[in-house]
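I am opening a new page for this model. The entries below follow the order in which I looked things up.

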Amino acid sequence: MSLSGPQRLYELLPLIHRALDEQRGGPLRALLGVMGEEYERLHADIGQLYDDWFIETCEEQLVPYIGELVGVPVEQLTGAPEYLLRARVANALRHRRRKGLPTTLREVIWETCHWNAVVLESFQYLAATQHLEHVHLTHGRAVDVRRGAPTLLAPGGARTGHLADVRGGGDTVGPRGLFNTFHVGLLLSRMQAYPVEYSEPGRVGEGRYTFHSLGQDTHLFTLLRRERRPLLPPSLEMPLPLTPGRLEADVTRARALLETHELLTPESHLEGHEPYLAVYRDDTPVPMVDLVAQDLKDWQRPGPSLVGLRSGHPRLDSLSHHVELQVWMGDEGPHLLHLHHHATDSLSTLAAALEAALHHASPRAAFAQARVLPSGAHLLVLPGEPLEGPHPVRFAPGPRDAESAHALGLTPKHARRVAVLVSHELPPATGETRQGRLRLRLGEHASMTLSVPLGESPKGMAHELRRQFPAHEGWHALSHGDLLFILVEAPQDTAYLRTEEDPEDSLTARRLGLSPRVAVDVKRGRLAFSLGEDTEERKPRVSWAFGRATDLGAGPYPRPDADASIEATRPAWRAEVCKQAPSTWTEEPGTTRFHTLFEALAAWAHQPPGTHGLILLLDSATYAPSPDQASFPIHMRKGSTLRVEAAEGELPTLDGMLLANELTEHAEHALPQGTYTVRAKNEVDAELTLNGLQLRGLEVRGSLSLTVSHCTMHGPLHAPHATNAFLDVQLRGSLLGPVYLPGHTSRLEVSDCVLHGEEGRPALGGEDTRSPGPSTRLTRTTVLGSVHVESLSLAEDCLFTHDVEVHHVQTSMLRYCALPWASRNLPRHRCLLFSAPLEATGGAPGEATIASSPEFVSLSPGEPGYARLADVGPEELRNGAREGGEFGVYHPLQEERRLTALRGVLEEYLPAGLSAGVFFID
């Protein structure tokens with residue numbers, strides 16, 4: 001018998017009375033049920049009264065009152081998430097006992113402002129003359145120009161001394177010099193890192209990819225250690241943009257571990273650091289030592305694989321006193337080379353002179369870092385960077401010297417294309433007798449295995465390899481200084497030399513630097529594989545992290561409305577999609593499972609009208625339409641509701657347009673084309689919800705209610721005018737391209753979004769450039785482009801970067817918005833007009849007018865500072881909205897209120913006599 005719930009009082013009655021009540025139809029049960037509900041409410045309220053005595057269990061509205069009891073003012077409990085406000089009050093007494101410690105100040109800043117901080121005691125970094133008998137090794141030292149200055153955020157290591165910086169005024173949280181006596185620097189990060197696990201990179205070209213699944217550039221971020229261990233206080237491992245130096249340092253450490261016969265993967269912990277990126281081939285992680293930090297602005301592929309040119313037999317006695325050549329490398333050229341007569345004394349002298357001439361021909365790395373080596377009786381010409389194509393290095397006679405190129409054997413008639421592997425700089429001979437194994441493959445030919453004496457010098461290694469080459473025609477090995485070169489004639493255009501993984505020895509190729517590498521551009525989020533790597537067959541995957549200031553757009557963060565909506569909808573038809581699931585993936589009762597989204601949508605199209613459905617994407621894979629389709633068709637029948645959602649922690653990508661069709665009775669036998677009928681106004685036929693997806697674009701046809709929540713859409717959202725009788729659209733928390741909807745759309749509500757227009761077209765408008773969009777309601781939205789709509793029923797806390805054109809001005813209203821001076825005719829309340837003439841600036845109280853225009857950190861949708869106002873821009877735009885927030889989508893961050901709370905923290909927890917300067921480093 002249960003003694004809880006509304007029937008608790010009824011169950012306390014004797015059995016005889018309950019039996020008699022059942023015979024009469026249960027009137028007593030109904031009466032005591034109503035009384036039991038009130039009893040349960042009273043019982044729960046009394047129980048909560050006891051819980052409200054403690055900060056751990058009290059209700060949220062009581063946190064400020066308990067904060068007042070322990071001396072935490074209510075005004076300081078703003079700007080941070082609710083769980084941090086509770087922690088701020090709970091830890092108040094503990095923090096006061098530890099005042100003056102940098103760790104305490106970091107924790108208080110995190111709990112108060114939700115910002116990660118590094119407290120830099122900058123007075124300890126000042127360069128000072130020390131007593132020779134009392135030398136402090138921890139004080140700042142001079143800069144080692146060979147290694148560069150260590151970063152301030154680098155954990156451990158020696159410090160660099162600085163001179164005193166006396167910039168700035170007396171404001172403790174204003175822009176001050178970082179290094180001064182009795183001064184503390186607060187390095188704050190406002191960004192959050194969002195890890196994406198095992199996603200498909202976006203293919204740009206052969207061997208070239210972006211970490212972003214849709215091919216966008218984005219800065220890679222480090223992961224926040226606190227996400228894995230919530231009790232860990234803020235530390236130097238902050239969610240900051242990843243730097244090439246950080247990646248280079250970790251690769252250097254991984255390379256040093258090869259000497260201890262340990263192969264470090266990116267998933268392994270390296271000296272206490274959390275993994276921040278990983279590259280996979282065939283589900284196998286690429287070892288950290290195979291990664292290389294490289295600028296991929298021009299998509300240059302990494303070594304060690306090169307394609308060079310091996311000359312014929314030079315005839316030095318046939319050369320004139322002045323040699324003139326034309327040379328091409330890749331798509332650059334021709335460049336004219338001049339060699340003086342003394343360069344023809346010997347083959348080695350000729351090689352050095354030709355190399356110097358190439359270095360002076362062009363600043364491009366292919367020329368500036370080119371090598372020319374004598375290889376037996378031949379010349380070996382190698383570009384300074386990997387070049388693709390049938391003949392990346394080409395020579396031709398000069399206009400005034402038609403014979404020298406032929407005499408040197410560099411013309412296409414005599415020269416041969418060669419594939420080359422170039423090692424790292426190798427140490428001198430150590431006398432070690434251990435033998436390593438190399439497995440080499442040229443193009444599609446069979447692989448060959450060679451033995452390498454690891455204790456020999458590069459010259460000894462080359463000699464030993466040449467001893468094993470006679471059985472293999474065209475193969476050769478040579479050394480030059482501390483470098484080892486392995487080359488083979490490769491006349492085929494696509495034949496590249498590479499090493500393969502040897503199951504018995506996976507370290508030798510990596511110790512010599514001959515293993516294939518993966519170049520990573522952390523600033524652009526790009527990666528490139530070495531020449532010869534068959535990346536399509538090996539299914540590359542990546543794990544990485546991107547940064548944003550808040551939960552906006554598609555991302556692997558918890559979406560509060562996702563689970564609640566699934567529970568409220570209670571779908572009668574549920575499908576799960578996982579592209580990376582094993583082939584033995586079995587279905588569960590009540591759930592249909594698919595490996596592709598297209599199969600799930602095809603199954604949904606055959607559900608009867610009135611079905612409530614859910615399609616849940618369980619991985620961060622990239623889904624493409626079927627080969628015979630250009631888009632993903634979603635067919636909606638009358639009375640049906642469908643939710644297409646991403647599972648929590650995943651970032652699925654739809655590499656194609658999403659086409660939402662209203663499927664009528666006349667179109668059931670014509671999938672996927674369909675015919676569309678016009679229905680009466682305000683007649684909702686079906687409801688479609690997209691949540692947590694990343695997609696190319698969306699087209700809506702028919703009479704639908706559409707909700708787009710926490711999505712990233714890189715293309716337009718549009719609806720053809722002739723196919724939509726009724727359309728109800730809600731956009732929430734999303735990063736969107738342009739929105740083109742017909743003017744008769746019943747409702748368009750946009751909140752907490754960014755709309756980005758296309759060149760020559762508005763960000764929000766109708767189906768063509770002349771027709772207006774529907775009547776719209778905007779809340780906390782940044783519009784990067786012009787607006788052309790029927791009316792703005794209400795626009796609140798919004799930022800419009802371009803002109804706003806409204807047809808029905810009388811039914812429009814703007815409150816706490818920022819818009820251009822050219823749109824000043826719109827009805828508005830406490831708005832800010834920017835880009836105004838100088839003589840018009842000022843304005844009445846509450847109606848500010850400035851001459852400056854908004855400045856953004858970035859206007860690229862993939863960047864972490866996308867659509868975010870820059871700190872160097874007009875201050876009025878950053879604090880002119882309601883409650884001192886900034887206009888637009890980042891208004892809820894309330895950074896000004898957080899800075900106010902930070903002042904109170906510094907006054908209480910900063911040691912007496914010290915001042916502080918705040919520096920945002922994200």
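Is phenylalanine 920 buried, exposed or partly exposed? I looked it up: phenylalanine 920 is partly exposed, with a relative accessible area of 27%. My scale is buried under 20% relative accessible area, exposed over 50% and partly exposed in between, with a 1.4 Å probe and protein chains only.

**Ground rules**

This is a predicted model, where local features need pLDDT of at least 70 and side-chain atom pairs count only at pLDDT 80 or more, while totals for chains, interfaces and linings use all residues. Residues are numbered from 1 along each chain as its sequence is written, and side-chain values use heavy atoms, with hydrogens and water left out.

**Overview**

I noted 17 helices and 52 strands in the protein. These are DSSP runs numbered from the N terminus: helices are H or I with at least four residues, strands are E with at least two. Of the 922 residues in the protein, 52% are buried. The accessible surface comes to about 41500 Å², and carbon and sulfur atoms hold 53% of it. Those areas come from the Shrake-Rupley method with a 1.4 Å probe; for residues, only the protein chains shown count as cover. I then checked contacts, meaning heavy atoms within 4.5 Å. Among contacts with a separation of 6 or more, 59% join residues 24 or more positions apart.

**Aromatic pairs**

I went back to phenylalanine 920. The structure holds 10 aromatic pairs. Rings of Phe, Tyr and Trp (its six-membered ring) pair if their centres lie within 6.5 Å; planes under 30 degrees apart are stacked, over 60 edge-to-face, and the rest tilted. Tryptophan 115 and phenylalanine 920 make an edge-to-face pair, 5.4 Å centre to centre with 85° between the planes. The two are 805 residues apart, so I noted where each sits: tryptophan 115 in the loop between helix H7 (102-113) and strand E1 (116-120), phenylalanine 920 in strand E52 (residues 915-920). Tryptophan 115 is buried, with a relative accessible area of 2%.

Next I took tryptophan 544 and phenylalanine 546. Their ring centres are 5.7 Å apart and their planes stand at 45°, so the pair is tilted. Both tryptophan 544 and phenylalanine 546 are buried.

**Strand E6**

Which faces of strand E6 (residues 278-281) are covered? Both are: Ala278 and Tyr280 on one side, Val279 and Arg281 on the other, all buried. I count strands as paired if DSSP finds at least two bridges between them. E6 pairs with strand E23 (residues 540-548) in the antiparallel sense over four bridges. It also pairs with strand E7 (residues 284-285), antiparallel, over two bridges. Tyrosine 280 stands opposite arginine 541 in E23 and opposite proline 285 in E7. The hairpin of E6 and E7 has two residues between the strands, and aspartate 282 there takes a positive phi near 55°.

**Sheet E17-E16-E20**

This is an open sheet of three strands in that order, with antiparallel pairing. E17 and strand E20 (497-499) stand at the edges with a single partner strand each, so one side of each has no neighbour in the sheet. Strand E16 (residues 435-442) pairs with E17 over six bridges. Glycine 436 has valine 452 in E17 as its bridge partner.

I followed the chain on to glutamate 456, in the loop between strand E17 (448-453) and helix H12 (458-468). Glutamate 456 is partly exposed at 39% relative accessible area. Leaving out residues up to four places away in sequence, glutamate 456 touches Ala429 and Met461.

**Cores**

A nonpolar core here is a set of buried Ala, Val, Leu, Ile, Met, Phe, Trp, Tyr and Cys residues joined through side-chain atoms within 4.5 Å. The largest has 63 residues; Ile615, Leu698, Val708, Leu731 and Phe800 have the most contacts inside it. Helix H15 (residues 597-605) gives the most to this core, with four residues. A second, separate core of 29 residues includes Val323, Leu358, Val393 and Phe395.

**Arginine 696**

My last entry is arginine 696, in strand E32 (residues 694-701). Arginine 696 is partly exposed, with a relative accessible area of 32%. Its C-alpha lies 8.6 Å from that of threonine 653, 43 residues away in sequence. Beyond four places in sequence, its contacts include Leu214, Asp655, Met713 and Pro716.
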